Amino acid sequence: MTNWLPDLTSTKGPLYVRIADATERGIKHGRLADGAKLPPQRDIAYDMGVTIGTISRAYNLLRERGLVSGEVGRGTYVLAAHREAPAPAGDPVVARFGGTRPLTAPTGKLRFDTTAAVDVGQAAIIAQLMADIARDYPGELASYTRALAPHWLEAGRRWLSSGDWAPHVETITPHLGVHAAVVAIIAAVTNPGDRFLCEHLTYSQVARSATLIGRQVCLVDSDSDGILPEDFERVCAREHPKLAFIISSGQNPTLSTLPEERRRQIADIARRYNVFLIEDYIYGALLQDRIPLLAEIAPDRTFLVGGLSKAVAAGVRGAWVAAPDHFSQRLRVTQKMTSGGLPFVLAELSAQLVLSGAADDIRKRVVEEIGIRERHVRDIFAGHVFRSRPCIPFFWLQLPEPWLSGTFKQAALNEGVLIDDEDEFKAGRSSRVYHHVRVGFSEGREREAVIAGLHTLRRLLDGGPAAYETDS
């Protein structure tokens, strides 16, 4: 057992947080080695002159951060899997924008923290297309991309189409992935200090990116159907956001889909308060639910964003934006300024995947495989409360008492499964606790391994967290 006393000099805040922070610094700086056993709570409480409850809260916080694990009767141990050396302790960028996922994922784990397209053998198709591109465009591969080829825009128009509606080809800009596209839109539409609106739970890396480049995030309430129009109007009136980020179909992580009436209400409110909208339709490519898009209802102020990562191949990094008419040229310039420009090979590959019909063929196979896996989810987790959809590669799982989101995430990691706790999706500071985790199931080609991982999570749920509590 390690003889460890946290150094609390020159620190402020609640005592249990200071103890946890000091212990984390000890782990990160190597003063507490991988596998080291921390002092029992009674001993360290006596040595520091504090209550056992204070130490218990500090140890629980360390467990929530994924730094230690504990078992009744054995003690609390430093986890080797979470030793990261790339950034100095207290690095403000890592602390503010790193999220709850490790910067380098531990190896040998099931990646249930990803929702990339299922591997259905698309590598062979992509390899042939890339070979054709290298043969047909040797000069373009050797140089910079200085213009947007017309067929790149046509591919974006087709991929972003929904039902009988399609954007105008002149409004299309290709991008290096949906995330990069959203950041370019933020940079094109807003200035430092402007407010950027998100739901409390969302794809929070967008909110972190907005904060990183000087925008202020404000939050709007949602229910099981998505953003509440009345709260959207309240936030618009009080906070005056310039731009709102909305996942209209298959919201990440809650799986909500905005009904048509709400979309029309949100569009009307956005017009009244001069708010522009980013409509992230990345999961819409899987759902194809035919509800009119915000971009269809309010094309004058909606940036529709979609890409290939969930339905075709995440590694291709193919994405497009359909912008309001008067913003398309500005967005193209901003895209180049923020990214340095498109790599020819990926822009051409993305276009050929769509225009050849290969993307649609792959999408059908991906959706079919997701449907099979989602049926296993419903069978394995029968009796528990969760939300899933047959075309979406993740589910939103409500944890039974007394599980906490971070504790369950750590317990899953101990069993070899990486999942996301609810904090990964919080767009800003919030006192709200949802007691949910997001579990992706598009990992790898081996369905049997995925099913086994799902059974592992079910056993954890049913067994409860007792085996992972710290000693008292």
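# Chatting about salt bridges and a helix pair

Colleague: Hi! Which residue does R135 meet in a salt bridge?
Modeller: Hello! In this predicted model, the R135 side chain meets the side chain of D132 in a salt bridge, at 3.2 Å from N to O.

Colleague: Nice. How far apart are R135 and D132 in helix α5?
Modeller: They are three residues apart in α5, which covers residues 122-136, so about one helical turn separates R135 from D132.

Colleague: And is R135 buried or exposed?
Modeller: R135 is exposed, with a relative accessible area of 56%.

Colleague: Okay, what about R264? Which residue does R264 pair with?
Modeller: R264 forms a salt bridge with E260, and their closest N and O atoms are 2.9 Å apart. Both residues sit in helix α11, residues 260-272, with four residues, or about one turn of the helix, between their positions.

Colleague: Let's go to helix α16. Where in the helix are R373 and E369?
Modeller: R373 and E369 lie four residues apart in α16 (residues 358-380), about one turn of the helix. Their side chains meet in a salt bridge, 2.8 Å from N to O.

Colleague: Is R373 buried or exposed?
Modeller: R373 is buried, with a relative accessible area of 2%. E369 counts as buried as well, at 11% relative accessibility.

Colleague: How many salt bridges does the structure hold?
Modeller: There are 26 in the structure. Some link up into a network: D21, E24, K28 and R65 are joined that way.

Colleague: Why can side chains pair like this?
Modeller: Side chains of opposite charge can pair when their charged atoms come close.

Colleague: New topic! At what angle do the axes of α7 and α15 cross?
Modeller: Roughly 50 degrees, and the axes come within 9 Å. Helix α7 is residues 150-160 and helix α15 is residues 344-355. The two helices are therefore oblique to each other, and α7 passes α15 in a left-handed crossing.

Colleague: Which residues meet there?
Modeller: From α7 you have H151, W152, E154, A155, R158 and W159, and from α15 you have F344, A347, E348, A351, V354 and L355. By class, that contact has eight nonpolar, one polar and three charged residues.

Colleague: Great, thanks for the tour!

Technical notes
Residues are numbered from 1 along each chain as its sequence is written. This is a predicted model: local features need pLDDT of at least 70, side-chain atom pairs count only at pLDDT 80 or more; totals for chains, interfaces and linings use all residues. Side-chain values use heavy atoms; hydrogens and water are left out. Axes are lines fitted to C-alpha atoms, for helices over the stretch in contact, and angles run from 0 to 180 degrees between N-to-C directions. Angles under 35 degrees count as roughly parallel, over 145 as roughly antiparallel, 65 to 115 as roughly perpendicular and the rest as oblique. A crossing is left-handed if the near helix is turned anticlockwise from the far one by less than a right angle, and right-handed if clockwise. Contact means heavy atoms within 4.5 Å. Ala, Val, Leu, Ile, Met, Phe, Trp, Tyr, Cys and Pro count as nonpolar, Asp, Glu, Lys and Arg as charged, and the others, Gly among them, as polar. A salt bridge is a side-chain nitrogen of Lys or Arg within 4 Å of a carboxyl oxygen of Asp or Glu. Buried means under 20% relative accessible area, exposed over 50%, partly exposed in between (1.4 Å probe, protein chains only).
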